[in-house]
Amino acid sequence: MKLRHLLLLLGLVALVASAQPDTGLVDAARGPVAVNQPTDPPRLTNAVNDDVRRPRNYDMQPPTIPHRVDGYQIDKNFNKCLDCHARAKTEFSLAIPISPTHYLDRAGKVLPQVSTRRYFCMQCHVTQEPVLPIVGNAFEGVPAPSGK
Ligand code: HEC
Ligand code: HEC
């Protein structure tokens, strides 16, 4: 094969490899950024802090947190959330007492303190950012039997 032909072939291979299939689909979360490129997501701002308890979309949904929690210490020595939300503290803190489910071990036995399964609150409860959803969502919640 002549060098000229080889170069032509290599050029063609490079051209085919660089062509992106145009599917017409754009991921709202990524924008037009190619999947092998990192996106530059908007920075987090201040979480919503309006103290308004939000309705739940289905029974057994962990309620979202309606106040800021920046810098709250949660480690093996101290749990800032329990400072207000522990059932023994809510008389003074006026926070919503954590539900009895948080005091059950996995065998269903009632414990005198919050179960280790529920110790790291933000595994399940999250604050909210004041932003519009980037993708449409037609989910309709089922009214909870408890009415919450
Ligand atoms: C200084 C006291 C205080 C601390 C600390 C605190 N909270 Fe709260 N929390 C409240 C109060 C009071 C409310 C009731 C709504 C309001 O005023 O914001 C509340 C509401 C909530 C709710 C909403 C409950 C519902 O049924 O809608 C969740 C969930 C929650 N807090 C989780 C947390 C978590 C998780 C932490 C730790 C990261 C935490 N809170 C730390 C006082 C506190
Ligand atoms: C494994 C997930 C999980 C963890 C961890 C967890 N929760 Fe919850 N939480 C839930 C769910 C689910 C509900 C709603 C159903 C229920 O009450 O059990 C709830 C309900 C609550 C409520 C509302 C109670 C009411 O009567 O309306 C508060 C307040 C709360 N949690 C606080 C906390 C705090 C504070 C912690 C950390 C000490 C915590 N939770 C850890 C899942 C969790």
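1. Ground rules. The model is predicted, and local features need pLDDT of at least 70, side-chain atom pairs count only at pLDDT 80 or more, while totals for chains, interfaces and linings use all residues. Residues are numbered from 1 along each chain as its sequence is written, chains are lettered from A and ligands numbered from 1 in the order in which they are written, and side-chain values use heavy atoms, with hydrogens and water left out.

2. Fold. The protein has three helices and zero strands, in the order α-α-α from the N terminus. Helices (H or I, at least four residues) and strands (E, at least two) are DSSP runs, numbered from the N terminus. Of the 148 residues, 15% are buried, meaning under 20% relative accessible area with a 1.4 Å probe and protein chains only.

3. Largest pocket. Its volume is about 1,200 Å³, and among its 42 lining residues R56, P63, I96, I98 and H125 are the closest to its centre. A pocket is an open set of points, on a 1 Å grid over the protein atoms alone, where a 1.4 Å probe fits, with protein on both sides within 12 Å along at least five of seven lines; lining residues have an atom within 4 Å of a point. The volume is the space filled by probe spheres set on the points, which are joined across faces, edges and corners. Helix 2 (residues 80-85) gives the most to the lining, with five residues.

4. Ligand 1. This ligand sits in the largest pocket, that is, more than half of its atoms lie within 2 Å of the pocket's grid points. Of the 20 residues around ligand 1, D51, H67, C81, C84 and H85 come nearest; a residue counts as near if one of its heavy atoms lies within 4 Å. Polar contacts here are pairs of N or O atoms within 3.5 Å. The side chain of H85 has an N or O atom 2.8 Å from a nitrogen atom of ligand 1. Oxygen atoms of ligand 1 lie 2.7 Å from a polar side-chain atom of R53 and 3.2 Å from one of R56.

5. Ligand 2. The largest pocket also holds ligand 2. A polar side-chain atom of S99 is 2.5 Å from an oxygen atom of ligand 2. For R56 the distance from a side-chain N or O atom to an oxygen atom of ligand 2 is 2.8 Å, and for R53 it is 3.4 Å.

Definitions and conventions. Polar contact = N/O pair within 3.5 Å; in protein donor to acceptor, adjacent residues only side chain to side chain. Buried < 20%, exposed > 50% of the residue type's maximum accessible area, 1.4 Å probe, protein only.
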